[in-house]
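Visitor: I am new to reading protein structures, and I would like to learn how to go through one feature at a time. Could we look at an example together?

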Amino acid sequence: MRIAVTGSIATDHLMTFPGRFADQLVADQLHTVSLSFLVDNLDVRRGGVAANISFGMGQLGGRPILVGAAGFDFDEYRAWLDRHGVDTGSVRISEVLHTARFVCTTDKDHNQIGSFYTGAMSEARQIELKAVADRVGGLDLVLIGADDPEAMLRHTEECRTREIPFAADFSQQIARMGGEEIRTLLDGATYLFSNEYEKGLIESKTGWTDEEILGRVGHRVTTLGSRGVRIERVGEDPIEVGCPEEEAKVDPTGVGDAFRAGFLTGLSWGVGHERAAQVGCMLATLVIETLGTQEYTLRRANFMERFTKAYGDEAATEVQSHLS
């Protein structure tokens with residue numbers, strides 16, 4: 001399968017302040033606050049939902065097509081993704097804007113002051129999926145992840161017009177979207193991804209019941225945190241898959257992206273929804289054990305050993321033949 005992953009491409013610039021923000025704030029002077037914090041370190045991490053998902057698919061031996069907008073400073077990030085099996089040939093490069101970035105300082109009490117710079121992400125609305133499809137010889141599935149909202153709407157409408165199967169995955173953008181936008185983005189999707197909280201928010205904002213939404217999408221995939229994932233389809237029993245045992249819980253950032261990467265790769269292998277979800281949960285477990293969304297290493301022997309322990313020999317035999 002040729003799978004295009006659309007969505008944000010960004011970097012996170014994370015700093016640590018050894019003191020407490022509260023000690024630097026004067027209650028009656030907050031209307032004129034002007035502060036500078038001397039921080040101890042700077043951690044720059046690669047991120048963005050589309051880049052995270054594509055990286056995970058590349059780790060599993062896939063060749064995902066990354067579709068998004070980045071800045072003129074993207075060269076080093078592009079080289080990293082290229083080395084890890086991602087097709088970056090359809091990334092739009094802005095001539096005037098930097099790649100989107102999140103800049104955040106955390107104090108000793110874990111309070112945070114952060115800013116998100118949209119940057120080149122705003123140009124994603126100018127990307128045409130037909131050009132992507134023509135370059136790679138057609139598309140079998142497009143994941144429409146959190147991105148510039150206009151880009152998400154354009155990609156969805158183009159998938160419908162060109163009859164390309166698509167997966168709706170609002171994640172961070174669901175908070176700013178209204179019911180009409182969400183109804184437009186999910187109607188006719190082959191897959192609808194969300195976590196449990198987002199599931200309820202989708203139903204609340206659209207005014208549609210769970211049954212009505214199931215009737216409008218092919219499959220509803222709901223991640224359940226430490227309890228794994230549930231996959232639903234009208235007229236069929238739900239599929240529920242648990243998570244493998246964790247060796248450590250280091251950082252939950254990017255876990256949902258890793259699940260999607262494993263699930264989509266499993267679909268491309270043709271192993272069925274249960275097996276695909278198991279691959280997704282195994283990859284998500286590697287990410288939660290690692291600091292950073294793209295800092296894990298997939299060692300195939302270790303992956304299969306843990307996968308077998310979690311899901312059994314039959315599942316492992318079916319997956320191992322694809323994990324090259």
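This is a predicted model: local features need pLDDT of at least 70, side-chain atom pairs count only at pLDDT 80 or more; totals for chains, interfaces and linings use all residues.

Visitor: Does Asp87 count as buried or exposed?

Guide: The general idea is a scale of relative accessible area, where buried means under 20%, exposed over 50%, and partly exposed in between (1.4 Å probe, protein chains only). Asp87 has 11% relative accessibility, so Asp87 counts as buried.

Visitor: Which residues is Asp87 in contact with, leaving aside its neighbours within four places in sequence?

Guide: Contact means heavy atoms within 4.5 Å. By that rule, and with those neighbours left aside, Asp87 is in contact with Arg63, Pro64, Ile65, Leu66, Arg135 and Val136.

Visitor: How should I read a helix such as H2, and which of its residues are buried?

Guide: In helix H2, which covers residues 75–83, Tyr77, Trp80 and Leu81 are buried. Seen down the axis of H2, these buried residues fall within an arc of 95°, so they line one face of the helix; the arc is that of the directions from the helix axis to the C-beta atoms. The buried residues pack against E2, E3, H1 and strand E4 (65–67), whereas the face turned away from the buried side carries the exposed residues Asp75, Glu76 and Arg83. Just after H2, Gly85 takes a positive phi of about 85°.

Visitor: How many salt bridges does a search of the whole structure find?

Guide: A salt bridge is a side-chain nitrogen of Lys or Arg within 4 Å of a carboxyl oxygen of Asp or Glu, and a search of the whole structure finds 27 of them. One of these joins Arg92 and Glu123, whose closest N and O atoms are 3.0 Å apart. Arg92 lies in strand E6 (residues 92–93) and Glu123 in the loop between strand E8 (112–117) and helix H3 (129–136), so the pair ties together parts that are 31 residues apart in sequence. Arg92 counts as partly exposed at 30% relative accessibility, while Glu123, at 11%, counts as buried.

Visitor: What other salt bridge could I look at, and where do Arg162 and Glu128 lie?

Guide: The side chains of Arg162 and Glu128 meet in a salt bridge with an N to O distance of 3.3 Å. Arg162 lies in helix H4 (residues 149–162) and Glu128 in the loop between E8 and H3, so this pair ties together parts that are 34 residues apart in sequence. Arg162 is partly exposed, with a relative accessible area of 37%, and Glu128, at 34%, also counts as partly exposed.

Visitor: Which residues are linked in a network of salt bridges?

Guide: Lys199, Glu203, Asp210 and Arg220 are linked in such a network. Within that group, the side chains of Arg220 and Asp210 meet at 2.7 Å, N to O; Arg220 is in strand E12 (residues 219–223) and Asp210 in helix H7 (residues 210–214), ten residues apart. Arg220 is buried, and so is Asp210.

Visitor: How much space lies in the largest pocket?

Guide: On a 1 Å grid over the protein atoms alone, a pocket is an open set of points where a 1.4 Å probe fits, with protein on both sides within 12 Å along at least five of seven lines, and lining residues have an atom within 4 Å of a point. Grid points are joined across faces, edges and corners, and a volume is the space filled by probe spheres set on the points. Here the largest pocket holds about 1,200 Å³ of space. It is lined by 46 residues, of which Gln172, Thr253, Gly254, Val255 and Asp257 are the closest to its centre. The largest share of the lining, five residues, comes from H8.

Note on methods. Residues are numbered from 1 along each chain as its sequence is written. Side-chain values use heavy atoms; hydrogens and water are left out. Helices (H or I, at least four residues) and strands (E, at least two) are DSSP runs, numbered from the N terminus.
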